[in-house]
Every structure is written in C-alpha cells, then in structure tokens.
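Please take a moment to look over the sequence and the model before reading on, and keep both in view as each part is described.

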Amino acid sequence: MAEKEPAVTQASGEDLAARAVADGAGDYGDLARTSDRMPRKRRDSGTRWGGLLGFLSPAVVLILWEIAVPLGLVDGRFFPPPHAIAGTFWKLTLDGTLFSDVWVSLVRIVLGFLAGAIPGLIVGLSMGLFRPVRWLLRPVVSATYPIPKLALMPLIILIFGFGETQKVITIALGTFFMVLINTMAGVLNLDKIYLDVAKNYGANRRDFYTRIALPGAMPLIFTGLELGMGMALLLIVAAEMTGAVSGIGYRIWAAQAVFKTKEMFVAFIMISLLGYLFAEGLSSLQRRVIPWKQL
Amino acid sequence: MAEKIVIKGLTKEFVTKDRIVTAVKDVDLTINEGEFVCIVGPSGCGKTTLLRILADLETETRGEIRITHSDPSKPLNSMVFQEQSIFPWMNVRKNIGFGLRCRRVGKKIIDQTVDQYIQMIGLQKFADAYPYQLSGGMKQRVSVARAFANDPEILLMDEPFAALDEQNKIMLQEELLKIWEAERKTVVFITHSIDEALILADRVIIMTSHPGTFKMSVDVDLPRPRRIAELRSDPHFNRLFTELWGVLREEVYKAKASEGLTVSDDEFHDDHSRTLADESRLVL
Ligand SMILES: Nc1ncnc2c1ncn2[C@@H]1O[C@H](COP(=O)(O)OP(=O)(O)O)[C@@H](O)[C@H]1O
Ligand SMILES: [Mg+2]
C-alpha cells in the first residue's frame with residue numbers, strides 16, 4: 001500500500017529545494033513542515049472492499065489494454081499487450097537476464113544510497129546541532145543542492161569514466177542532499193527545550209548526537225530517506241544510459257535501440273517492484289526505529 | 001550554614017527585534033546549603049528567567065552569581081522545567097535515567113535508581129510506555145523523577161506541580177517533603193501558589209511584577225516534618241497565608257494593569273481562588 005509515486009516525491013523534492021534557496025539566511029523550520037505535509041503512507045483500514053477495489057483498477061486497465069491492441073485502438077508496437085509482456089518476462093527470467101539486471105542495479109542503488117545517506121545524515125545532524133557548522137556549510141549546500149544531479153552526470157563521467165564508481169556517485173549525490181536537508185530540518189525543528197534539558201543534565205557532544213538529535217530528527221530523517229530512495233531510482237536509469245552492459249536502466253535503453261518494447265516494459269515492472277520493496281522496507285524499518293510516534 | 005548560592009545585583013535583559021525587555025532587575029539573594037526556598041510572583045515577572053540563569057541556561061546581563069559545588073561526584077543542579085520537557089523518543093525508564101546515563105553511571109545503579117523513582121511516582125505499569133501514551137500529569141511526574149534520580153546538589157523546580165490535578169499535586173508535594181526532609185538538598189522552587197510555598201519552604205521570596213525585583217522575604221517557621229492536611233488548619237499557616245497574599249495581591253494588580261488589554265493571563269487568579277476554596281472546604 002505504499003503508494004509513493006516517484007513523480008510526486010520528486011515534485012515535493014524540488015519544492016523543498018526551491019524553499020531551501022529562497023530562505024537562504026532564514027531558518028529551515030518551515031521546510032520541515034513542508035515535508036510533513038508530504039504524502040504519507042496511510043494504512044488502509046483493511047476492509048474487504050478496500051482490498052477488492054485495490055485489485056479492480058489494475059485488472060480493468062490490463063483487460064482494456066489487452067482488448068484495445070487487437071482492435072487497433074492502441075499501437076501494439078509501443079504498448080505490447082500484457083500477455084506478450086508476460087511472455088517476455090518469463091523468457092528473461094528463464095535465461096537469467098532479468099535476475100542479473102536486477103542484481104547489478106540493486107548493488108549500484110544500495111551502494112550509492114549508503115554512500116549518500118550516511119554522510120548526509122552526519123552533516124545534517126552537525127548542521128542542525130551546531131550553529132557555526134550551519135553558518136559555514138549552509139551557503140555551499142544552498143548553492144549546490146538545486147543543481148539537478150542529471151546535469152552533473154557529464155562531469156561525473158569526465159572525472160570517473162564509465163565505471164561502477166560513476167553510477168554509485170551519481171546516486172549518492174542525489175541521496176546525500178535529500179537526507180542532509182531533511183535531517184537538518186529535523187534537528188532544527190526539535191523543541192529547544194530538549195537541548196536545554198540535555199545541557200542541564202550533563203549531555204556531552206556525543207550524547208547530543210546519539211541521544212537527542214538522531215532520535216529526535218528520526219521522523220524527518222525517514223522522509224529524507226524515502227525521498228532519497230525515489231531519487232536513487234530516477235538516477236539509476238540515467239546513470240545506466242551510457243557505459244553500462246547490464247542493469248535495469250541499461251535494459252531500457254538497449255531495448256529502445258532495437259525497438260524491443262516488451263523488454264522495456266519488463267524493466268518498468270522491475271523498477272516499480274524495486275520501488276515498492278524499498279518503500280515497504282523503509283516503512284517497516286521506520287516502525288521499528290520510531291516506536292515512540294503515534295502513526 | 002554555608003552559603004550555597006549568592007546572587008548580587010543580577011539583571012537580565014532580553015534584546016528582541018524592536019525593544020529591550022528587562023526580565024529580572026537588580027536581584028540580591030543568598031540561599032544557604034540545604035535551604036528550601038520558594039519564589040512567588042505574578043506571571044511574567046522573571047521567575048523562569050532567574051532559574052534558567054541559575055541553571056546556566058541563560059547568561060546574566062549584569063551582576064554576579066556564585067554557586068558552590070561542594071561534591072564533584074554529584075551534578076551541581078537539575079531542573080524541572082515548567083513546560084513539557086520529557087523526551088518523546090525515550091520511554092519512562094529512559095527518561096528518568098537520562099541524567100545518570102549522561103554521567104556514565106553503572107547500569108545496575110541506573111536500573112535500581114530508576115525503579116525506585118518509578119515507584120515513587122506510581123508509574124510502575126507505565127515503565128516502558130512512551131510519553132505519547134501518558135497523560136499530562138504523568139509526564140510532569142516523570143520530569144520530577146528525572147530530576148530527583150539525577151541526585152543533584154541543587155534542585156531547581158519551575159512550577160513543577162502547577163499542571164497537576166489536586167490529588168497528584170498533594171501526593172508529589174508530600175513526596176518532595178519526605179525526600180527533602182531526608183536529604184536536605186538545596187531547593188529553589190518556583191510557584192504561583194502561596195499555599196504550596198508555605199507547605200514546602202523554609203523561606204518564601206516574593207518578587208514584584210515585571211520587571212522582577214525582590215519585594216520581600218518571609219521565613220516560614222512551621223515545624224517539620226510537615227503534614228499537608230494538618231498545615232491547612234494550622235492558625236499560624238493561615239496567618240502567614242493572609243500576610244503573603246496581602247503583599248502579593250498588590251503586585252498581581254500591578255501586573256494586570258501594566259499588561260493592559262494586550263495580555264490576559266488569569267492563571268494566577270484562578271489558582272488562588274482554587275486554593276482559597278480548598279481552604280474553606282478544609283476549615284468547614
Ligand atoms: N527568550 C526571551 N526573549 C525575550 N523575552 C523573554 C525571553 N524569555 C522571557 N522573556 C520575557 O521576560 C519576562 C519574564 O519571563 P519569565 O521569566 O518567563 O517569567 P515568569 O516565569 O515569572 O512567568 C517576560 O516579560 C517575558 O516575555
Ligand atoms: Mg515561568
């Protein structure tokens with residue numbers, strides 16, 4: 001039930017970016033509120049009807065699609081009928097292409113995600129906790145954050161060539177900023193009284209990080225992770241456009257070159273599945289890490 | 001007795017965008033080791049500011065403060081904040097043990113101490129609950145326990161019981177009296193209830209309305225150990241009450257007048273009428 005369309009989160013991300021720059025000197029407080037209003041996963045109440053209706057709409061779309069192609073209402077060259085896609089799906093599964101594509105992309109996404117999220121978390125916490133750090137880094141962050149990571153890809157390729165590093169770095173950059181901005185906002189959004197309590201009860205610097213800022217900012221950190229994940233899925237396709245010989249993104253571009261739209265759709269399905277699994281993974285992690293928040 | 005806290009000519013000004021607010025003005029005060037002092041004054045007169053300066057959370061604009069830290073193995077002070085201040089991301093146990101964990105006390109001692117104070121505030125069933133599962137009164141009790149468990153030399157308490165219902169308030173007042181009568185810590189306790197001040201304190205200090213300075217200090221020579229129910233029918237207690245209220249009402253009216261139409265804060269009045277009503281009930 002994680003209905004997190006990359007398109008939506010993307011837009012919200014850009015909205016964040018616009019605000020981040022707009023209020024340059026000001027605080028990031030309202031930024032956090034913006035992300036609070038972002039689409040949150042809401043558990044359906046689990047009624048039988050809800051489940052039925054949930055299956056109904058995709059089923060109807062598939063059936064209509066299947067009928068529309070032979071009727072000539074939809075061009076089968078661009079939109080091959082579902083049963084044909086299923087056939088290709090099966091074929092690619094049997095010959096191992098599917099698995100190796102998914103695996104290769106998964107490794108790139110996970111490495112890039114970690115390489116971006118961990119530094120983003122640390123810098124975000126530091127900027128949130130310590131004003132001098134904020135003063136020092138805010139201008140740089142505000143200036144570099146809005147640059148579309150896609151625009152940076154040619155430069156990254158110049159620097160790192162067409163290897164794995166280029167792909168991991170591209171994804172890491174996108175994730176880094178999402179996590180950083182949201183983590184900082186999460187810390188800045190903490191009621192100041194908690195910092196006073198920590199100080200009065202003798203918290204040292206490490207306590208401020210691990211007992212106050214990190215857990216306190218956790219809800220927004222997860223927002224950042226979710227946005228970063230969406231970013232990673234977007235960037236993997238772009239990063240595999242050139243200089244790759246496998247991966248889901250590569251499969252899409254390769255299929256385009258030889259007009260194999262069925263393979264393309266199989267790749268779409270896999271990306272969508274990955275997105276779904278990541279979102280589910282994050283939200284189950286979230287429930288475990290933030291038991292103190294009423295959901 | 002040794003002087004624990006010495007304050008001389010303390011002034012605190014807050015610089016805001018369009019003006020300077022003098023929160024506390026020329027305060028002189030000496031508090032002895034092991035003394036229980038209550039500070040009473042109309043709201044907005046700078047009580048919280050004074051306490052925050054003592055807790056080193058705010059720096060004074062002018063003046064001098066000397067606080068003696070006699071036992072380095074203990075924290076100097078622990079504050080019970082006026083507003084909701086327990087960490088939402090820690091359960092009750094973790095909240096109460098927070099100070100001890102910051103001081104890297106052994107786990108066993110932390111567990112023992114925390115258990116003891118959970119018992120004291122009667123939240124055994126909620127030991128592993130998170131703050132969102134607690135009522136406002138329970139949260140305040142946790143915040144009191146957090147300060148007690150930290151075992152500081154000075155307890156700074158900012159209207160800690162103001163938000164509690166009557167039963168809980170009396171229970172915690174009794175508990176505080178018991179602990180204090182056993183340990184004789186230095187306590188600076190802020191309240192806007194004269195009743196509460198007289199029940200607890202060795203000395204009551206009355207502050208003037210904004211900007212807060214010292215108006216007068218009254219020794220509360222009621223014998224200890226004190227029993228709250230008995231105190232309220234004690235003629236001497238009632239004499240002190242009337243005397244203090246006479247002094248304070250002037251300041252409250254002044255505060256009201258200077259607030260004019262902009263701010264209305266009936267907190268003080270409400271509370272006072274409540275205590276008077278209680279009294280009459282007890283007398284009857
Ligand atoms: N951080 C601050 N900035 C500006 N003014 C403040 C600040 N803190 C308190 N004040 C002002 O100082 C005065 C005293 O406040 P406070 O100490 O909270 O009073 P009390 O606790 O007695 O109700 C009030 O007029 C309040 O508005
Ligand atoms: Mg106050």
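This is a predicted model: local features need pLDDT of at least 70, side-chain atom pairs count only at pLDDT 80 or more; totals for chains, interfaces and linings use all residues.

Asp151(B) has a positive phi of about 50 degrees, although it is not a glycine. Most residues other than glycine have a negative phi, and most peptide bonds are trans.

Asp56(B) is found in the loop between H1 and strand S4 (62-67) of chain B. The backbone of chain B also contains a cis peptide bond, which runs from Arg224(B) to Pro225(B) and has an omega near -5 degrees; Pro225(B) itself belongs to the loop between strand S9 (214-219) and helix H8 (228-232) of chain B.

Turning to ligand 1, which residues surround it? The shell is made up of Phe14(B), Thr16(B), Ala23(B), Ser43(B), Gly44(B), Cys45(B), Gly46(B), Lys47(B), Thr48(B), Thr49(B) and His210(B). Sorted by class, this shell around ligand 1 has three nonpolar, seven polar and one charged residues, and its largest share, three residues, comes from helix H1 (residues 47-54) of chain B. A polar backbone atom of Lys47(B) is 2.8 Å from an oxygen atom of ligand 1, while an N or O atom in the side chain of Thr48(B) is 2.6 Å from an oxygen atom of the ligand. For Thr49(B), a polar side-chain atom lies 2.5 Å from an oxygen atom of ligand 1. Taken alone, ligand 1 exposes 560 Å², and the protein buries 64% of that.

In chain A, we can look at how helices pack. Two packed helices are described by the angle between their axes and the distance between the axes. Helix H5 (residues 97-129) of chain A packs with helix H10 (residues 205-239) of chain A at an angle of about 145 degrees, the axes being 9 Å apart, and the crossing of H5(A) past H10(A) is right-handed. The residues that meet include Phe113(A), Ala117(A) and Leu121(A) from H5(A), and Leu214(A), Ile221(A) and Leu225(A) from H10(A). Altogether, the residues of this contact between H5(A) and H10(A) divide into 16 nonpolar, three polar and one charged.

How values were computed
Residues are numbered from 1 along each chain as its sequence is written. Chains are lettered from A and ligands numbered from 1 in the order in which they are written. Side-chain values use heavy atoms; hydrogens and water are left out. Axes are lines fitted to C-alpha atoms, for helices over the stretch in contact, and angles run from 0 to 180 degrees between N-to-C directions. Helices (H or I, at least four residues) and strands (E, at least two) are DSSP runs, numbered from the N terminus. A crossing is left-handed if the near helix is turned anticlockwise from the far one by less than a right angle, and right-handed if clockwise. Contact means heavy atoms within 4.5 Å. Ala, Val, Leu, Ile, Met, Phe, Trp, Tyr, Cys and Pro count as nonpolar, Asp, Glu, Lys and Arg as charged, and the others, Gly among them, as polar. A residue is near a molecule or strand if one of its heavy atoms lies within 4 Å of it. A polar contact is a pair of N or O atoms within 3.5 Å; within protein, one must be able to donate a hydrogen and the other to accept it, and residues adjacent in sequence count only if both atoms are side-chain atoms. Accessible areas come from the Shrake-Rupley method with a 1.4 Å probe; for residues, only the protein chains shown count as cover.
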